[in-house]
Amino acid sequence: MIEIKNLHKSYKMGSNSLHVLKGINFSVEEGELVAIMGSSGSGKSTLLNILGMLDELDEGSYTLDGVPIKNLNETKAANYRNKFLGFVFQSFNLINYKNAMENVALPLYYQKVGRKERQEKALKYLDQVGLKEWATHLPSELSGGQKQRVAIARAMAAEPKVLLADEPTGALDSKTSYEVMDLIQKINDQGNTILIVTHEPDIANMCKRIVHLKDGIIIEDKKIEQIRAAQYVQ
Amino acid sequence: MRQLFDRDTWNEIFQSIRKNKLRTFLTMLGVFIGIYIYIGLSGASKGLDNGFEREFESIARNSMFIFSSSTSKPYAGFKTGRQIQLKLSDVDVLRQQVPEIMAIAPRNVKGIFGSEPGVVKRGVKSGNYSVFGDFPEFTKIATKKIYDGGRFINDADIAKERKVCVIGERTQKELFDQDEEPIGSYIAIEDVSFQVVGVHKFAGGGPFDNDSDIFIPFTTFKKLYNTGDNVSWFTIAAYDDADVIQAEKDIKATLRRIHKVDPTDEKAIGGFNLGEVFKKIFGFSNGLTFLSLIVGIATILAGVIGIGNILLISVKERTKELGVRRALGATPSEVRNQIIIEALVLTLLAGVIGIICGAATLSALGAAFGNGDFPYANPTVPIPYVLMSLFLMVTLGILIGLIPAQRAVSIRPIDALREE
């Protein structure tokens, strides 16, 4: 599903150049649930941004679902993001003047899906995350965990090839974190490919594979025995 | 283009406009005031224009009064200070020599210019009123509205020196009881009995007009007051397409020749040119229209710039939201169009409300002043002007929307998302 070869990325900071990613080789199969771990400054967020086509790579190649991702202009990147990727952010990033259903329907709007179908799909995905009754509520009326579940529903609504989650539990308490992870595991069980950036070991252990980044290179890449989050959720 | 006709686009826009009502309101205020001022001012100046027109509708636009005075220069053996007397025979000469003349009415009067007014009696009632000796031709220059059943002096009255008169509204009120029919009855002017043939409705026009004026045939006046062929002044109307100022000059020159006055003597033959005054008045209201155009456009411009300014702030505030939209697959052109359409909607909405309020104000003003003494009637703004101002707003709205739109697009989604 994802194929990355010899990926380099550096940022120019005035006259200095900061080499963030120093040759990453990495591939993800369909249906995997991968945790990308590392301390801050290890390059994990940069990697996720490049995977999410929010940032460009300097060197190397990136192939997503057989499509080489290169020479992107903004319009093309936007279309690819819309078609291939779903994003879940640490700070949820719901649009605060749209209710839950409208938020979930937003990527479908940019996919030019018709209004009625959009609403049906949005409700379906809200139902999946258990928030169908909250469809007409604004984000300000939802708890943190509920917001993140709406955000996950929004990411899933576009039916992406890969779900990218940047610290999805970073702003949540541990009980809510497990609820969200439970949801992510269930989505993964349906065969969806998910990448999670996290620095919390217990969250990482709920994935099926952990990739450890340090100073811009992968120092460890192992498959693990998944801990189910459901056992922590009543 | 697809975006423009998509219901969802409009939903998106109205949601983001509704999100911040106060800001939207303040944004629109600038454009609203601009178009409101424009509509108000240009409508008011049109109202003044119409008002002047109404005020002077009873008198020909390019008319003038020509009168005589004493000479200020010696000429042809005559010494300075000779009183010049206009004569009835001048009329034929003027007609011949000055082709611009459409109508010429020699007039005599008792009651103004220092002469004693006529003494008018009816039974026990009496009063002093100005009495004019007139030709029917006078009505070609200054229309006299005569009440139903009456008439003005006609050619037969002149020829037969009939003792008939046209009285004013006030004369009727003062000499007749309310339910009395004046037409056909008799009044005594200077103890001579005159039959009333008409009552004129007062319409201000000439400088000496009054609602009590009494008109009698010129020839009868001549006999009554023993004025011979003397004429107090000529009321003259030039043809519509004639140059009134040149006509006035020609008329004066001709009269100077007839009465043996020095051609450079400005005092002996005097004139009051209404045409010239009208030109000035209408020049003034044209100027006012132009001024309102300039002020209106400038205010609209300021308002639209205000919209652009607020949208820039709004884009800055919504950086994160726009980043999220981009991450979810909004293309740069979709984001750009959304902001341009937002600018356009705000501008147009404010503009249309401004036009409606402006029109309401104008009609209120029209109702308040339209029937009074103030020269103000039927204030309107021509539809092409309104359309032009709308077009201007649309153009400016799009242009000004481009700035925040470009800015919104220039922020990379990754930077937008990073911003907390």
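This is a predicted model: local features need pLDDT of at least 70, side-chain atom pairs count only at pLDDT 80 or more; totals for chains, interfaces and linings use all residues.
Reader: How are helix α9 and helix α12 of chain B oriented to each other, roughly parallel or roughly perpendicular?

Author: Helix α9 (residues 274-317) of chain B packs with helix α12 (residues 383-410) of chain B at an angle of about 25°, their axes lying 9 Å apart. Since angles under 35 degrees fall in that class, α9(B) and α12(B) are therefore roughly parallel.

Reader: Which residue classes make up the contact of α9(B) with α12(B)?

Author: Among the residues making the contact are B:Ile297, B:Leu301 and B:Val304 of α9(B), together with B:Leu392, B:Leu396 and B:Arg407 of α12(B). Taken by class, the residues of this contact divide into one charged, five polar and 16 nonpolar.

Reader: Is helix α3 of chain A largely enclosed or largely open, and what covers its buried residues?

Author: Of the 11 residues of helix α3 (residues 100-110) of chain A, 10 are buried, so the helix is largely enclosed by the rest of the structure. The buried residues include A:Met101, A:Val104 and A:Leu108. What covers the buried residues of α3(A) includes α2 (74-84), α4 (115-128) and α5 (144-157) of chain A, and also α1 (7-19) of chain B.

Reader: Which element gives the largest share of the side of chain A that touches chain B?

Author: The contact takes 21 residues from chain A and 19 residues from chain B. On the side of chain A, the elements giving two or more residues are α2 and α3 of chain A. The largest share, six residues, comes from α2(A).

Methods. Residues are numbered from 1 along each chain as its sequence is written. Chains are lettered from A and ligands numbered from 1 in the order in which they are written. A residue is buried if 20 or more other C-beta atoms lie within 10 Å of its own, exposed if 12 or fewer, and partly exposed in between; C-beta atoms are placed from the backbone. Helices (H or I, at least four residues) and strands (E, at least two) are DSSP runs, numbered from the N terminus. Two residues are in contact if their C-beta atoms, placed from the backbone, lie within 7 Å. Axes are lines fitted to C-alpha atoms, for helices over the stretch in contact, and angles run from 0 to 180 degrees between N-to-C directions. Angles under 35 degrees count as roughly parallel, over 145 as roughly antiparallel, 65 to 115 as roughly perpendicular and the rest as oblique. Ala, Val, Leu, Ile, Met, Phe, Trp, Tyr, Cys and Pro count as nonpolar, Asp, Glu, Lys and Arg as charged, and the others, Gly among them, as polar.
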